[in-house]
Amino acid sequence: MQSFRPNNEMKSLPRALNFWLFALVILGAWAAIGSADASEPALELRVFPDGPIYAYQSDPARQRSNIVLHSLGVTNLASDEIEVSGVTFSLLEEGVVTQITTIGADEISQHAPSYRMAQQMGTFQRFDSVFGFTPLFGEGGRLSSARVLSEGRSLIFLSQYFSLNGNVDVLRVEVMAISQNGPVTTALDIPVVHYDPAAQYTFPLNGSWFVNVGPNHFSHHRWSQNSEFAIDAIRVGRNGRAFASDGQSVEDFYAFGAPVYAAAEGVVVAAMDGIGPAPLKGVDESFDDFFARMSARQSDLFAEDPLLAAGNFVIIEHEGGEHSVYGHLRQGSLQVAVGDRVLPGMQLGEIGNSGNSLEPHLHFQVMLGADRMWSRGVPVIFQGLAGRDSDVITRQLRSGDFVFSNHVE
Ligand SMILES: [Zn+2]
């Protein structure tokens, strides 16, 4: 077990300044004696999710893409205090730095107290598969509310977004700090991967559909590692809306009850049915009120069981280890069971509004495992899918795409 000092960050802020001055004074002496203290690095850097970062192609024709570093954890392993002064993110292409961004001392000081408070309120624990607190710091991990880290204390950096030009292949993270032995710089190189799906996917719906939510950086999907590249598909009518009359029943939505098909060959490895539809937005209810109501409901669902968020669902394992997920299906509509082998285009169920859903839609994603909370989401490109101008879409889908699919007989 690690031992922790009492929570004294608040009163240690002035001390931090003294510490800085002290550090500057001894810097010369330290430099003079060279690397007197060549012991193991005092700061440990960890990222969540572990492994590479997958890029989303925002504009493949111009070689533009973007990445999200979901969570970075910095922990002081030394017994002496360490003051973190900044974090630098460098994007590298074949070893050449193409872009640098920095989080400065002020910004760290500003965010640290709120992250510490979030930990105390249990937010990180509740959404552990989103923020990765336990993988980063372990069960007993404790955040610091200031830049000065006593032994065992950590800082967390969330949702760092980078827009890339060209074929960036590494994100380098460098954390600058000062210990009483002098400056400490700890670096970590994270591979950036422009992912090619192992399986071939066809769009899991037939006819014309609107990609209400894609993996764009402004979508809620993107900030959660498992749903990072997910899409939500709805159907829009000639009236320009998703429903025919007043949207007060699920049956009024054009998408509701539409058949959902397997996107690729595989075996059903998980399935759930029996969850009824989520409540809909009231006619006179404002979007803000509806959203507040649904956010509270989402918190309740997560507290009860985070797995309820997808409602009724099917997960298919494909050759190569990828898994496709079909969420929010209609109660009682599932036509497959665990163990069934399916072919592309075989019906799995129907679109519903179960789980954490604002309106009837299909949530579709591809992951690198069967665990809906912890498996990593990866980008997908659908075969033979036409766009609004009827040309074939050869890129990853984005929010606002109209797509047309007629591969299912
Ligand atoms: Zn979704």
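Me: Where is phenylalanine 127 found?
Reply: In this predicted model, phenylalanine 127 sits in the loop between helix 3 (123-126) and helix 4 (128-131).

Me: What separates the C-alpha atoms of phenylalanine 127 and serine 299?
Reply: These C-alpha atoms are 9.7 Å apart, while the two residues are 172 residues apart along the chain.

Me: Now the whole chain. How many helices and strands are there?
Reply: The protein chain has six helices and 23 strands. Of its 409 residues, 39% count as buried.

Me: Which residues touch the most other members of the largest nonpolar core?
Reply: They are Leu155, Phe313 and Tyr326, in a core of 92 residues. This core draws at least three residues from each of domain 1 (9-193) and domain 2 (207-405).

Me: What does phenylalanine 313 touch?
Reply: Leaving aside residues up to four places away in sequence, phenylalanine 313 touches Ala271, Met272, Val325, Tyr326, Gly327 and Leu329.

Me: On to the strands. How many bridges join strand 15 to strand 16?
Reply: Five bridges join strand 15 to strand 16 (residues 312-317), and the two run antiparallel. Valine 267 has glutamate 317 of strand 16 as its bridge partner.

Me: And which residue in strand 18 is the bridge partner of glycine 266?
Reply: That partner is valine 342. Strand 15 (residues 266-272) and strand 18 (residues 341-342) are antiparallel and joined by two bridges.

Me: A change of topic: the backbone. Which residues does a cis peptide bond join?
Reply: A cis peptide bond joins phenylalanine 48 and proline 49, with omega about -5°. Proline 49 is in the loop between strand 1 (43-48) and strand 2 (53-54).

Me: What is phi of glutamine 63?
Reply: Phi of glutamine 63 is near 55°, a positive value in a residue other than glycine. Glutamine 63 belongs to the loop between strand 3 (56-59) and strand 4 (64-76).

Note on methods: Residues numbered from 1 in each chain as written. Predicted model: local features only at pLDDT ≥ 70, side-chain atom pairs only at ≥ 80, totals over all residues. Helix = DSSP H or I, 4+ residues; strand = E, 2+ residues; numbered from the N terminus. Core = buried A, V, L, I, M, F, W, Y, C linked by C-beta atoms within 7 Å. Buried ≥ 20, exposed ≤ 12 C-beta atoms within 10 Å, placed from the backbone. Domains from an automatic or database assignment. Contact = placed C-beta atoms within 7 Å. Pairing = 2+ DSSP bridges.
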